[in-house]
Amino acid sequence: MARAGGCAGQRGLLLLGLGGVLQLAETLQVLMGSTPQIVSLNDNISIPCKISGYNTAELDIKNVGVTWYVKTPRADQKEEVFTFLVGEHTPRRNGASMSDSDLRRGNAALSLPQIQFKEAGTYTCQVTVTPFDAQGTAVLEVVAQPTVSLSPKEVTIESDKEKTLSCEVNKFYPNLVDIKWMKISENNQDSSVKAEDICTGASVENEDGTFNVTSRLRLQPALQDNGNVYRCIVSHKTFPANLLLNSILTVTAPRSDSSILIGAIIGTIAACIIVLGLGVFVYDKCFKKIPPTIMAFIGNVEMKHLEDTSLYCQFSGFRPKPITIAFFLRKYLQEQKEKIYCWNSEKDDIQRDGESAALLSTSKNFQFQMHLKSLDNGTFEVPCIIHISPNVHELNKAELSLEIIHEALQQHPAIEMTALKVIAIPVLDPILCSTDVPRPDEPITLTCRIHSFSPETIELAWYKDGDGVPEKPFISDVVRGPDGLFFCTSSLILHLGVEDIGRRFICKANLKGSHQHKESSWKLENLTFTPKVSNIVCEPSIPESVKAVTLSCQVTDYHPAECQVRWMRGFEELTEAAIKTQDPQLDAATNLYHRVSQVTFTPEPEDHAVEFTIEVIHCNRTTKKSYPLMLKDFPRITSIVLSPNDVEYGKPLSLTCEIKDFYPKDIQVQWFQENDVIKEGSSVQEPKQDTSGLFYTSSGLQLIPSARDYGRKIGVKVMHKTLTKPITKNVYLKLPAKSPAVSEIRATPASPKVNETVCLEVSISDFAPENIKVAWYKEWSELPKDNHNIDTQIGKNGLWFSTLKTQFTTNASDNGKMFRCEIIHPATNSCTEKRFILKLNDFSTSTRDIPSLTGYQNHTLSPRPISQEINTLKIECITRNPKAGEDVTLRCFVHGWTMESTFVSWFKGKYPIEDGIENTDCEDESGFITSVTFKPEEQDKECKIRCEVFTEEESFEDSYILKLA
């Protein structure tokens, strides 16, 4: 336990910084017991500390601090026992704990297991409920109640002879005990006992700190004392009343001379009886055969994997000496039992000290420690200790038995047996967090691997501090590992808030039916708030060439304060412009920061339609906002308008775009998809002149979208005399993903013969995008992919259709076999299965031999975990001829989401890419574009690049194989 020092002031400051959320009455009070709390040694105790003087139904424990101290009689100053601060528990004494739920109800009770004498003293409970504090004290006494015995309980003595009564008081604490003696006579004579007849020894301390003491009473009674009761009276702090133990006295007269003759006669008769009895006694003691009393397999037969344990046996009270004891083991599912150890008394020397060496058995899991003892009554005893090294693979559900062979046993041999159970307690790895920078607007995933347990029936639960979490955890299938033990993984997706800072998230695991938990925990140290970046404001609103322009932007609601702001012109940083960025300002209400940044420059004609971007870099993440600078007297292009707005496959679609404020009249407009120019269906109206003398026109594109257009962009490019480079506008068609319709399996020929080639085919239709995965199976074994055929085409409805085929040569064993086709469409996260029973023409198979397929013809999987492939994205490389050591840029369009409502991660192989990630919302609000720029290395000639996008409802991912030149 730590010494109490100057940390109280720091604790008070920290609690004051949490804010005054709790409403308090005029006085905060701590109520503790007024009388000493008396507990017994090794008890599990709880010292109450009740808090009053607050006006809410429950205490907000984020605003509460509790520190427990103890001052023992032997210590100079008080010592710290336990601290609770900002939700964090810090025990200074092993096993000390407090309950969060009790604290919320106003009880800061301290629980101490296995209390010891040295922990007795004055306990102080110091409570701080922002901004007040109070404390109380309680006295704790630790005692041990003695055991008392009086012997003998009945005394027979001749008059004027002497005997002693002993009253033993053992295992008591504290060392304050009072022992008195009292005589109770039938004739109500004096009850006092002479002091010279009493001898009470000094108390003796035991190893555990308790004490023993013995008091003796010397008796030398007369005949009139016959029937007296002698009482030992013991008083101790732990007894509610004095403890009374009685011994009854019987006094006999001494023998007289007149009885000598009678005594001689009686003695002669008695001598004869004694001789006869002695013969019987000698027979019973030395020659009568007595079978052993068997105590077999005492101990816990439920053992823990690789944790040494012992079982005990005892074979006692047998005669004659020869005895043979054999032990057998029959493992689980093993028919025959195996003899693992055999012991014979004729080969063992009699040992009276009870010690012997452990002897190896034929099984590596057992050692036997046995020896023969000779008892005072002429019989023998064999104690046995079985040392076991349990192994769940070898001993679980095994049967351990013993056989005893002895002359006195009526049944040869005597057999005892027990079933062994070996379990492996789960081991929990440290909890891993999906990110090193938790953010409140992004979910995090905590993952814990639980392994090395057996049997596989395990129970898992997640907790936040001591309370269960409302989120439902994911638990993987339990799998047997290479070591034969089981393992699984549990993960928990959390949306964190400010109130979770300092909280511990705990994963607990236990075998089903077991109360022994194992746990692993993860603590949230801090949260990072991503900056919110406003739209860029231009002043003047209609900028002109060669006239100063100011772009400004607000960066708000972020934490911590450090962040970098830079302005970009296209892909180049603005270095010569006048940039003014305000220092971070703290908002006292939210405890978050904000700042304003602006850039002033003089645009040139070539700046027309160029995107100016502000980049805010905060905690290794970049947030951007862009502004296309449209100069006066230069062509201006509106966003592309779709009609109808809800695009459908196979239905006509019109795309239009207006071009304004250009001069002279001549202008060129091109429509393109990806990098291909679209000529069919495009049109440009004749330019017209407005009242200001400038020209305007519009251009349109008529097309019928098909599944080929899924995830692809369509753009318009404008070229004019005043422009140094073309202006482009892009739009992504919001075409939905559609899962395929699947037909039943057909066979050609329908009833093939043995050794004939058969073709199985299934038709799929009306799906988009094109990417599908197909697998054919015979029963549960996958057929070779070389024999599969997939040919996709666009149908009249604009969707893909295809016929999937596989062929193979039949053999006799294929008759009645089930063939399956599994079609996976990652974009819609669907998996459809069709089944077919093959009937060969050379066999007559009754319908009773063919399994019923009712209800199994079509199976659609439920949504998969995030880690599985959900391909609604399409990655493209925009760097031509990518090379090692040079910047390479990949980009991906995420349609239907904004960058603020998603979380994007890029990976190279299995490692995340931390830098170079940029996300930009599309102007038409059709989605956003995420890109990553990095320098590949020589070993990345064909590396896998993966993009993952997470939303609150679902997740997407796509992969791209980067091939370097």
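Here is a short walk through this predicted model, from the whole chain down to single residues. Local features are described where pLDDT is at least 70, side-chain atom pairs count only at pLDDT 80 or more, and totals for chains, interfaces and linings use all residues. Residues are numbered from 1 along each chain as its sequence is written, and side-chain values use heavy atoms, with hydrogens and water left out.

Let us begin with the overall view. The protein chain holds four helices and 78 strands, taken as DSSP runs numbered from the N terminus (helices are H or I, at least four residues; strands are E, at least two). Of its 965 residues, 42% are buried, where buried means under 20% relative accessible area, exposed over 50%, and partly exposed in between (1.4 Å probe, protein chains only). Among contacts (heavy atoms within 4.5 Å) between residues at least 6 apart in sequence, 64% join residues at least 24 apart.

The largest nonpolar core has 75 residues, and L551, L655, W671, L760 and W776 make the most contacts inside it. Such a core is a set of buried Ala, Val, Leu, Ile, Met, Phe, Trp, Tyr and Cys residues joined through side-chain atoms within 4.5 Å. Another core lies apart from the largest one; it has 37 residues, including F82, F84, M98 and Y123.

Six strands make up an open sheet with mixed pairing, in the order 2-10-9-5-6-7; two strands pair if DSSP finds at least two bridges between them. Strand 2 (37-40) and strand 7 (88-91) each have a single partner strand, so one side of each lacks a neighbour in the sheet. Within the sheet, strand 5 (residues 64-71) and strand 6 (residues 79-85) run antiparallel and are joined by six bridges.

A548 sits in the loop between strand 43 (537-539) and strand 44 (549-558), and it counts as exposed because its relative accessibility is 52%. Leaving aside residues up to four places away in sequence, A548 touches E539, P540, F601 and T602. A548 and F601 are 53 residues apart along the chain, with 5.5 Å between their C-alpha atoms. R835, in turn, belongs to strand 70 (residues 830-837) and is buried, because its relative accessible area is 17%.
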